[in-house]
Amino acid sequence: MEMTAEVAWWFLPAVIPIALYVSWTDLSQMKITNKAVMALIIAFAVLGFFALPFDTYLWRWSHLVVMLLVGILLNAAGVLGAGDAKFIAAASPMLAVEDLLLIIILAAASLVGGFATHRLAKHSPLRKQVPHWASWEAGKRFPMGFPLSMTLLFYLLLMAIYR
């Protein structure tokens, strides 16, 4: 089932604070916490049950399993962190496979925008406001929770507004 505006509106109230929390903790601690991942899974479990047709709801759980397995492989290969893999898996049931191209475009834009924003902030007076953030000194590592959470948030916002 394609994502509808109604379904997106069901998920948005839960996703907004979780996405902001994930961005904050990954920027400040270079961690995506298990409680954020669990909150996302619980949000889908509860809200998805009411928002989606039952067969679609059940099918979307397979997204979590598949993406978790892919994430474990990518983590083992050193491509992404374990928190990133868990977040992607937890977010995937909220995404419609039919919108995969849009999701990829949003992810790419969020990654470029997030990276540029982080690097600009790192070398600006803004850094003095939060000098303790772990992401400033992470070397080549980048807090992917920032663009990943923004991808989910932007996707749901677009679906809510334009569908």
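Start with D99 and R163. These two form a salt bridge, and their closest N and O atoms are 2.9 Å apart. Keep in mind that this is a predicted model. The pair links distant parts of the chain, 64 residues apart. D99 sits in the loop between α4, residues 82-91, and α5. R163 sits in the segment after α6.

D99 has a relative accessible area of 5%, so D99 is buried. R163 has 40%, so R163 counts as partly exposed. The cut-offs behind those words: buried means under 20%, exposed means over 50%, and partly exposed is in between.

How many salt bridges does the count come to? It comes to 2. Side chains of opposite charge can pair when their charged atoms come close.

The other bridge to show you is E137 with R127. Here the closest N and O atoms are 2.2 Å apart. Both E137 and R127 lie in the loop between α5 and α6, so this pair ties together parts that are 10 residues apart in sequence. E137 is exposed, because its relative accessibility is 60%. R127 is at 22%, so R127 is partly exposed.

Next, the helices around those loops. Take α5, residues 100-122, and α6, residues 145-162. They pack at an angle of about 130°, and their axes are 8 Å apart. Is that parallel, antiparallel, perpendicular or oblique? Roughly antiparallel needs an angle over 145 degrees, and roughly perpendicular runs from 65 to 115. So α5 is oblique to α6. The crossing of this pair is right-handed.

Stay on α5 for a moment. G114 is in this helix. Is G114 buried or exposed? Its relative accessibility is 5%, so G114 counts as buried. One distance to go with that. G114 and L80 are 34 residues apart in sequence, and their C-alpha atoms are 16 Å apart in space.

On to the other helix pair, α2 and α3. Their packing angle is about 165°, with the axes 10 Å apart. That angle is over the 145-degree cut-off, so α2 runs roughly antiparallel to α3. The crossing of α2 and α3 is right-handed.

What makes up the nonpolar patch? The residues are W10, M38, I42, V46, F49, F50, F54 and L58, and the patch covers about 810 Å². Two elements give two or more residues each: α2, residues 34-51, and α3, residues 54-76. The largest share comes from α2, with 5 residues.

Look at one patch member in detail. L58 is in helix α3. Its relative accessibility is 45%, so L58 counts as partly exposed. Patch residues need over 30%, so that is the number to hold against the cut-off.

Last stop, the backbone. Which residue has a positive phi although it is not a glycine? It is M30, at about 60°. M30 is found in the loop between α1, residues 5-29, and α2. Its relative accessible area is 14%, so M30 is buried.

Quick recap. Helix α5 is oblique to α6, and α2 is roughly antiparallel to α3. The nonpolar patch takes its largest share from α2. And M30 carries the positive phi.

Methods:
Residues numbered from 1 in each chain as written. Predicted model: local features only at pLDDT ≥ 70, side-chain atom pairs only at ≥ 80, totals over all residues. Heavy atoms only, no water. Patch = residues over 30% accessible without salt bridge, like charges linked within 9 Å, V, L, I, M, F, W, Y side chains within 5 Å. Areas by Shrake-Rupley, 256 points an atom, 1.4 Å probe, with all protein chains shown as cover. Salt bridge = Lys/Arg side-chain N within 4 Å of Asp/Glu carboxyl O. Helix = DSSP H or I, 4+ residues; strand = E, 2+ residues; numbered from the N terminus. Buried < 20%, exposed > 50% of the residue type's maximum accessible area, 1.4 Å probe, protein only. Axes fitted to C-alpha atoms, helices over the stretch in contact; angles between N-to-C directions. Parallel < 35°, antiparallel > 145°, perpendicular 65-115°, else oblique. Left-handed = near helix turned anticlockwise from the far one by under 90°.
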